[in-house]
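Trainee: I have a new model open. Can we take one residue and then step back to the whole chain?

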Amino acid sequence: HVALSYEAASVGARIGAFALDALFYIAWAVLYYIITDKMGITMGDVGTFIFYLPIMFYSLICEVVFDGQSFGKMIAKIKVISTEGVPATFNNYFMRWVFRLIDILITSGGLATLVILANNKGQRFGDMAANTTVITLRKREKLNEIIAPKVPEDYTVTFNEAAQLTDADIITMKKVFNYALKRTNYSLIDETSDRVKTVLKIDSTMPSEEFLRTIVKDYQYLMSD
């Protein structure tokens, strides 16, 4: 059995992402001002409530649609993942969104910051409840120096699901793979291959050794863009 690890995003990166997302809120509020004050359109209480729904659900919608990232997280190069070794689901994103009221909105982010600093998993209360955390993607640019030679530019990706992995996952796979080869422990290679297929929900009959090598190459190529 292989434990896939991750590097938690820093508090600074998460605050920066939140600040970038706040620009969306400000822009939306300015749009409301232009519509109601400059254009003289009256929306009423119901209309105003409906108009501000995108702000209320902004983080939830973005994380569901963009695989754990809002626009701020994309720029900051961080993303939400599940800590259970499987891709995050709507339930994960919804739970952490519910806790935003306590973690971020009511306490102006103070509670979330304290909780993240108090543990080593990069989790606020919402993350703990949802079994998620926020990881950094910034070290991907150094992957070729660690894993293997550069993949050819005309390389064809076999498994796009490899993009769900992290640098730490790939490094762990390589270490286990090399360890198993040195000891001719092919059952460990099979177990590693089966685990990766389960996590990424890949149905493939490709031999275990070839599959793991392909996943690494696919990941390198996808992350090199």
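This is a predicted model: local features need pLDDT of at least 70, side-chain atom pairs count only at pLDDT 80 or more; totals for chains, interfaces and linings use all residues.

Trainee: Is Ser 70 buried or exposed?

Mentor: Check its relative accessible area, which is 1%. The cut-off for buried is under 20%. Because 1% falls under that cut-off, Ser 70 is buried.

Trainee: With which residue does the side chain of Ser 70 make a polar contact?

Mentor: Begin with its contacts, leaving aside neighbours within four places in sequence. They are Asp 21, Tyr 58 and Cys 62. A polar contact needs N or O atoms within 3.5 Å. At 2.7 Å, the side-chain partner is Asp 21.

Trainee: How far apart in space are Ser 70 and Pro 152?

Mentor: In sequence, they are 82 residues apart. Space is a separate matter, taken here from C-alpha to C-alpha. That distance is 31 Å.

Trainee: Now the whole protein. What share of its residues counts as buried?

Mentor: The protein has 225 residues. Its secondary structure comes to 13 helices and two strands. The same cut-off, under 20% relative accessible area, decides what is buried. The share is 40%.

Trainee: How far apart are the mean positions of the positive and negative charges?

Mentor: Count 23 positive and 24 negative charges. Take the mean position of each set. They lie apart by 6 Å.

Note on methods. Residues are numbered from 1 along each chain as its sequence is written. Side-chain values use heavy atoms; hydrogens and water are left out. Helices (H or I, at least four residues) and strands (E, at least two) are DSSP runs, numbered from the N terminus. Buried means under 20% relative accessible area, exposed over 50%, partly exposed in between (1.4 Å probe, protein chains only). Lys and Arg count as positive and Asp and Glu as negative; His and the chain ends are not counted. The place of a charge is taken as NZ of Lys, CZ of Arg, CG of Asp or CD of Glu. Contact means heavy atoms within 4.5 Å. A polar contact is a pair of N or O atoms within 3.5 Å; within protein, one must be able to donate a hydrogen and the other to accept it, and residues adjacent in sequence count only if both atoms are side-chain atoms.
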